[in-house]
Amino acid sequence: MKISYKWLQDYIETNLTAEQAAEKLTDTGLEVSKVHQFNSLGSNLQGFVVGEVKALEKHPNADKLKCTKIDVGTAVLDIVCGAPNVAAGQKVVVATEGTVIQPKNGQGFTIKKSKLRGEPSEGMLCSEVEIGVGEDNSGILVLEASAQVGAKIEEHFKAYTDQVIEIDLTPNRTDAMCHYGVARDLRASLYNESVALKLPELKELTFEAGNHIAVEVQDNEACPRYMGVTLENVQVKESPDWLKNRLLAVGLRPINNVVDVTNYVMHELGHPLHAFDADQIKGEKIVVRKAQKGEKIKTLDEVVRDLTEQDLLICDKDDAMCLAGVFGGIDSGVSAKTKRIFLECAAFEPVHVRKTAKSQGLHTDASFRFERGVDVGNTKQVLTRAVNVLQELTGAKLVGSLIDEYAEAQELKQVGFDLANYSRIMGHKIEQPVLEKIFQVLELKVLEQKEHLYTLQVPAYRVDVTREIDVIEEVARIYGYNNIALPSTQSVSFASQSKEDYQQALKQRIAYFLSANACKEIMTNSLVSKELLAKHNYDQDLVEMQNPLSSELDVLRPTLLFSHLDALTRNLNHNNKALRFFECGKTYHLSDAYKEKNCLQISLASEEIEHWNNTYQSGFYALKALVDGLLEHLGFAVSNFKIKEVAKDFEYGISYVKKKLTLLQMGAINSAFTKTMDVKSTVFMCQLDFDLLFELIQQQKTRFSPINKFPTVKRDLALLINKQITFAQLQAKAFEMSPKYLKQVDLFDVYQGKGIANDQKSYALRLTFEDAKQTFTDEQINAEVDKVLKAYTQSFKASLR
């Protein structure tokens with residue numbers, strides 16, 4: 001939210017600079033993200049001054065350049081200029097050393113002292129484009145002869161300047177969604193300085209005889225209060241400069257004096273208003289009602305919108321004119337032809353506004369405020385203020401009477417406060433006179449006090465203060481967290497760890513291992529497109545969103561596959577050629593009940609990298625080495641898993657199975673997926689069931705053994721086998737035949753082609769033997785290898801090459 005500091009100073013008398021005020025606001029909970037300069041010309045004119053061309057001569061080393069001497073008031077500068085229209089005696093715009101030139105459609109640069117073709121140049125003579133006041137760059141901008149030498153350009157053009165404070169407002173602080181609300185908080189932060197707060201001046205409304213628009217509210221729950229007045233003889237025209245500049249400073253585009261006043265008062269007092277062209281209201285009556293089945297409305301953005309029976313509308317006798325609290329209709333808005341308006345100031349129930357805004361995909365200044373709750377009791381004050389300004393700017397007169405449909409006046413909330421609770425929770429004691437001063441500046445009225453117990457009345461605009469803990473937070477933030485001394489000792493209570501704590505520790509352990517192996521952790525969106533899932537047969541048991549942000553984000557993901565493909569596509573398109581991603585995330589499913597699963601997804605993709613130190617290897621075996629290394633790091637022996645081939649989602653791949661449960665599957669992703677997601681590289685992925693991994697780790701028994709002091713022995717075998725036989729079968733058979741001494745079986749070469757029958761292939765295996773009690777003899781190793789070879793021959797008809 002943007003706050004104009006000049007505008008803010010209308011309501012509070014303080015000598016603070018904008019930066020000091022921003023620091024105060026941040027300390028009290030209204031976090032300021034930045035403070036920046038604003039001028040009505042739309043560009044930064046700092047460093048630009050009026051200069052006079054005192055002398056002019058041809059550049060000795062360039063035909064199209066001229067050497068000038070420019071008087072800027074404080075000095076005479078040597079400046080080389082190439083503009084064809086520069087002449088002696090002209091008043092010109094000069095960018096002095098250090099000035100930043102930032103054209104609207106070009107690259108910015110900073111003015112420095114330099115030499116151009118051997119001649120010194122200490123600045124730059126500027127065109128309209130360089131200072132952002134026009135589009136003519138055919139030559140320099142020549143000012144009128146009366147321009148004062150040395151004057152700042154922003155003063156010469158009489159630019160409106162301001163400082164804008166940008167606040168990252170939390171959703172609960174509806175009271176601070178306006179300039180007066182921020183001034184109120186700033187005054188509270190200065191509670192020791194007796195700073196005055198000034199309300200906008202309000203003049204009593206005076207009505208003349210005439211016909212006014214009648215109002216009927218059919219749903220008092222959705223619209224607890226609706227106020228309005230009718231104004232005639234309205235002159236719709238351009239707003240005066242002071243009003244346009246204030247709106248521009250906070251990021252709003254001026255439209256006309258009527259619409260601008262409604263926006264001005266909303267940003268001043270925090271309550272949205274809406275102006276209708278009264279001549280477009282059929283039947284001279286406004287009806288506030290819910291939409292009917294099949295009803296439509298064409299809104300200001302010229303979109304025809306389908307309505308639901310939960311949408312609250314502002315209607316005339318026949319048609320819907322406005323989405324209440326959200327967006328206006330195109331037919332009832334104020335235009336240059338408008339002579340008579342109905343000005344609305346209402347309070348709408350937050351949940352109704354939020355549902356309509358979400359279902360219609362709209363986010364407006366009005367809905368932003370109504371969704372969070374506005375002060376119902378402040379409605380008349382806001383309407384009066386808007387009418388006062390409108391009458392001043394348009395010459396309008398009020399006719400008929402004030403409309404005020406108020407279902408039931410709301411009682412102000414009362415909250416109990418115990419000073420002892422404050423001291424216990426905040427860890428420090430506050431003196432009662434200081435406490436009561438803070439109550440006063442927060443407008444928390446003390447109804448009753450008994451020693452350290454208070455009964456407080458909360459102002460209506462503080463919709464977020466409902467409990468004692470809220471009051472404690474209010475007092476603490478105004479007192480200042482920086483003023484609360486740190487205790488000399490700290491107390492710590494130890495709690496037993498939950499299952500979630502252990503799972504988080506495991507995720508951290510996995511993340512450390514994968515990060516150490518050149519992987520990058522990513523976090524992807526949990527929402528995906530239902531249409532995309534259906535295209536790849538993932539349309540079963542989906543958890544659909546009731547109010548999706550868009551059609552591309554309308555279901556919770558049943559797999560991390562598509563999220564990772566999207567991330568790979570984006571990175572490859574940005575020329576990141578070597579990608580190794582991982583994510584511990586949730587997938588969502590709906591069968592008999594809603595269910596969440598924890599998953600680990602590892603994704604590898606890369607284009608060819610020509611570099612001797614390429615650590616980002618991609619491919620099936622790179623992925624398998626990474627996954628096997630992770631499992632071994634977590635204490636699993638890969639040989640203890642059954643390995644099966646997989647088909648779903650993969651061109652080729654394998655799965656690891658334990659106790660008939662699939663722990664993971666990995667391989668090359670099916671090209672149908674990569675084609676849909678526009679991934680121009682082969683993608684290798686591992687999808688691991690984290691919940692099952694956690695269970696298996698819980699079942700593991702940790703065994704410690706001394707480092708083996710005896711050497712291992714390795715033997716290589718080159719086998720001819722039927723090409724239908726897998727490495728997993730050979731590996732399992734080897735461990736079956738030598739369970740005591742065989743520790744590892746590796747496949748280090750596969751060959752098919754010349755010299756080998758079409759139905760056969762050659763596998764090169766490496767068998768690693770180890771014994772913790774002895775050094776092997778050749779006879780022992782030969783006996784173990786013979787047992788494995790014999791089993792291969794009998795079971796797979798294998799032969800040595």
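Biologist: Is Tyr 264 buried or exposed in this structure?

Modeller: Burial is read from relative accessible area: under 20% is buried, over 50% is exposed, and the range in between is partly exposed, using a 1.4 Å probe and protein chains only. Tyr 264, at 3% relative accessibility, is buried, whereas Trp 242, at 36%, is partly exposed. The model is predicted: local features need pLDDT of at least 70, side-chain atom pairs count only at pLDDT 80 or more, and totals for chains, interfaces and linings use all residues. Residues are numbered from 1 along each chain as its sequence is written, and side-chain values use heavy atoms, with hydrogens and water left out.

Biologist: How many aromatic pairs are found, and how are the rings of Trp 242 and Tyr 264 arranged?

Modeller: Rings of Phe, Tyr and Trp (its six-membered ring) pair if their centres lie within 6.5 Å; planes under 30 degrees apart are stacked, over 60 edge-to-face, and the rest tilted. The whole structure holds 17 aromatic pairs. The ring centres of Trp 242 and Tyr 264 are 5.5 Å apart and their planes stand at 85 degrees, so this pair is edge-to-face. It joins distant parts of the chain, 22 residues apart: Trp 242 belongs to helix H6 (residues 241-249) and Tyr 264 to helix H7 (residues 257-269). Helices (H or I, at least four residues) and strands (E, at least two) are DSSP runs, numbered from the N terminus.

Biologist: Which parts of the chain does the pair of Phe 417 and Phe 439 tie together?

Modeller: Phe 417 and Phe 439 are also edge-to-face, 5.5 Å centre to centre with 90 degrees between the planes. Phe 417 is in strand E26 (residues 414-418) and Phe 439 in helix H12 (residues 432-441), so the pair links parts 22 residues apart in sequence. Phe 417 is buried at 2% relative accessible area, and Phe 439 is buried at 1%. Together with Tyr 422 and Tyr 454, these two residues form one aromatic cluster.

Biologist: How many cavities are there, and which element gives the most to the lining of the largest cavity?

Modeller: On a 1 Å grid over the protein atoms alone, a cavity is a set of points where a 1.4 Å probe fits but cannot get out; lining residues have an atom within 4 Å of a point. There are two cavities of 30 Å³ or more. The largest cavity holds about 50 Å³ of space, and its lining includes Asp 175, Tyr 461 and Arg 462. Helix H5 contributes the most to that lining, with three residues. In H5 (residues 179-189), eleven of its eleven residues are buried.

Key: 1 Å grid on protein atoms, 1.4 Å probe; cavity = no way out; pocket = protein on both sides within 12 Å on 5 of 7 lines; lining within 4 Å. Points joined across faces, edges and corners; volume = space filled by probe spheres on them.
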